[in-house]
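Me: I have a structure to go through. Can you help me read it? I'll start with the strands.

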Amino acid sequence: MAVKSFSLGAAQEVTGSKHIFEVDGRYYMIDCGAFQGKRKESDTKNREFDFDVDRLESVILTHGHLDHCGLLPVLAKKGYKGNIYATPATRDIANLVMMDSARIQAHDAEFLAKQASKKGEKFTWRPLYDENDCVATANQIVSLSYNRKMYIGPNVQLEFFDAGHILGSAFANITINPNPSEPEKETRLLFTGDIGRKCKPIIRNPAVNMPAPDYIYLESTYGNKLHDNHDIAMKELVRIVRDTCQKKGKIIIPSFAIERAQELVFYLHLLTDQRKIPVVPIYVDSPMASNATSVFRVHPECYDESVNEAFLKHHKNPFGFGSLSFTTSVEESKKLNKMEGPMIIISADGMCEAGRVLYHLANEISNPKNTIMIVGYMAEDTLGRKIFDGQKEVMILGDKYRVEAKVEKCNGFSAHADYNEMIEWLGEIDTSRLKKIFLVHGEKDQQQGFKDHLANAGFNNVEIVEGEKEYDL
């Protein structure tokens with residue numbers, strides 16, 4: 001039985017996760033994500049995506065972030081009619097994310113067409129897919145709960161385990177066995193997707209109870225970095241809120257609409273209740289974050305014990321309290337720019353390349369009373385990365401702005417495990433059969449550093465996956 005693998009994205013880079021393993025000539029795809037980052041470059045890479053769907057047996061979706069699900073509608077448009085396996089919560093999150101992406105593309109097409117018309121130029125750009133394509137793709141998603149086994153092809157079995165990254169995120173445990181009566185001859189693959197962190201609010205810790213894998217495809221976003229611990233992050237959040245409120249400024253937090261937004265609301269609610277921060281208006285200015293929060297409410301099977309108890313036993317809603325408002329309309333969003341501080345605005349997009357956060361940054365980034373709070377990963381060459389790196393002047397919506405607002409970096413809220421946390425996780429799972437670790441989903445310097453850290457921890461057979469290179473298993 002021949003088993004091979006290769007990657008069409010997230011190989012020596014972050015975003016665009018598309019990993020394929022081949023069993024006797026049939027393909028199985030793990031994630032089909034969009035490239036994110038600088039808009040023009042990402043758009044080009046997403047349009048170049050090509051794949052022979054005729055040999056594709058099944059698709060497995062580890063979680064609902066755009067860089068893992070964003071090209072599923074393109075795959076369907078290319079003729080893929082088979083099943084897409086995901087946890088129930090991932091199914092709902094992915095539906096939101098894909099539909100949001102389709103709407104953004106439609107808005108971009110309309111905007112670019114107007115710009116071209118004004119200049120008398122021919123307009124040729126078209127969205128990769130529309131909302132109808134997303135609906136068709138959603139109908140292909142088959143829900144599979146955690147710790148339930150299902151055959152997804154001849155001799156190929158899938159089981160999901162909780163990855164602790166975002167709501168519904170999963171490790172995909174694959175067992176390939178042509179003869180179930182001879183388990184010693186089976187091949188086991190473990191695709192981590194993105195690994196979460198211990199002791200995060202809302203969702204559970206990453207699972208450690210999987211069968212011993214032969215090969216692990218391991219993410220490496222923070223392969224050479226350490227996060228602040230939880231207590232330090234909370235103290236930093238308290239300091240930032242207090243300092244900015246004293247100046248009657250605004251705190252602008254570019255945030256991913258799923259998980260990070262809900263987590264920040266959870267923490268701000270907690271700190272307000274504990275009277276560690278003043279009562280200050282908090283606005284979640286993102287329609288998708290509002291919708292995602294609704295999805296959180298209907299998936300208690302993903303919560304950790306403390307949140308489950310708050311929801312189910314005491315009927316407390318950690319995603320809603322007196323100081324919090326969700327803005328959905330464009331008019332409501334625009335009003336925030338005219339209001340005086342202090343206030344906190346949590347707004348998408350997390351990398352500052354699209355969405356309402358651009359307008360808040362344009363209005364607030366040159367005011368020294370304000371704070372721009374960076375809480376997550378920023379891809380290379382994005383506006384968020386430029387602000388994160390301390391550039392004094394940036395381009396926003398075609399205009400130059402001086403960065404006079406205070407830029408605060410609070411990396412304790414990342415949803416990705418750092419290298420120490422990933423090595424700790426590896427030490428807790430059964431690695432008695434482990435033959436090799438393949439590193440994916442990380443920038444080159446992070447992966448090389450991670451490979452060195454893994455070697456120091458006793459994991460010597462580690463390979464950094466190259467794009468489109470085929471590996472025999």
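**Strands, a cavity and a loop**

Reply: Both faces of β2 are covered, with K18, I20 and E22 buried on one side and H19, F21 and V23 buried on the other. Keep in mind that this is a predicted model.

Me: Why do the residues split into two sets like that?

Reply: In a regular strand the side chains alternate between the two faces of the sheet.

Me: Which strands join β2, and over how many bridges?

Reply: Strand β1 (residues 3-9) is joined to β2 by six bridges, and the two run antiparallel. Strand β3 (residues 26-30) also pairs with β2 in the antiparallel sense, over five bridges.

Me: Which residues stand opposite each other?

Reply: G9 has K18 in β2 as its bridge partner. E22 stands opposite Y27 in β3.

Me: What sits between β2 and β3?

Reply: Two residues, in a hairpin. D24 in that turn has a positive phi of about 50°.

Me: New topic. How many cavities of 30 Å³ or more are there?

Reply: A search of the whole structure finds one. The largest cavity holds about 70 Å³ of space. Its lining has 14 residues, and H19, D31, T192, G193 and V440 are the closest to its centre. H19 is also one of the buried residues of β2.

Me: What kinds of residues make up the lining of the largest cavity?

Reply: Four are nonpolar, seven polar and three charged.

Me: Where is N224?

Reply: N224 is in the loop between β11 (215-219) and α6 (230-246). The C-alpha atoms of N224 and T192 are separated by 18 Å. Along the chain, those two are 32 residues apart.

Me: Why does N224 count as partly exposed?

Reply: Because its relative accessibility is 35%, and partly exposed covers the range between under 20% for buried and over 50% for exposed.

Me: What does N224 touch?

Reply: Leaving out residues up to four places away in sequence, N224 touches Y419, D445, Q446, G449 and H453.

Me: Back to strands. Which residues of β17 are on the covered face, and which on the uncovered one?

Reply: V394 and I396 are on the covered face of β17, while E393 and M395 are on the uncovered one. V394 has Y401 in β18 as its bridge partner. Four bridges join β17 to β18 (residues 399-402), and these strands run antiparallel. In their hairpin, L397 takes a positive phi near 55°.

Me: Last one. How many residues of helix α11 are buried?

Reply: Six of its eight are buried, so α11 (residues 357-364) is mostly covered. The buried ones are V357, L358, H360, L361, A362 and E364.

Terms used. Residues are numbered from 1 along each chain as its sequence is written. This is a predicted model: local features need pLDDT of at least 70, side-chain atom pairs count only at pLDDT 80 or more; totals for chains, interfaces and linings use all residues. Side-chain values use heavy atoms; hydrogens and water are left out. On a 1 Å grid over the protein atoms alone, a cavity is a set of points where a 1.4 Å probe fits but cannot get out, and a pocket is an open set with protein on both sides within 12 Å along at least five of seven lines; lining residues have an atom within 4 Å of a point. Grid points are joined across faces, edges and corners, and a volume is the space filled by probe spheres set on the points. Ala, Val, Leu, Ile, Met, Phe, Trp, Tyr, Cys and Pro count as nonpolar, Asp, Glu, Lys and Arg as charged, and the others, Gly among them, as polar. Buried means under 20% relative accessible area, exposed over 50%, partly exposed in between (1.4 Å probe, protein chains only). Contact means heavy atoms within 4.5 Å. Two strands pair if DSSP finds at least two bridges between them.
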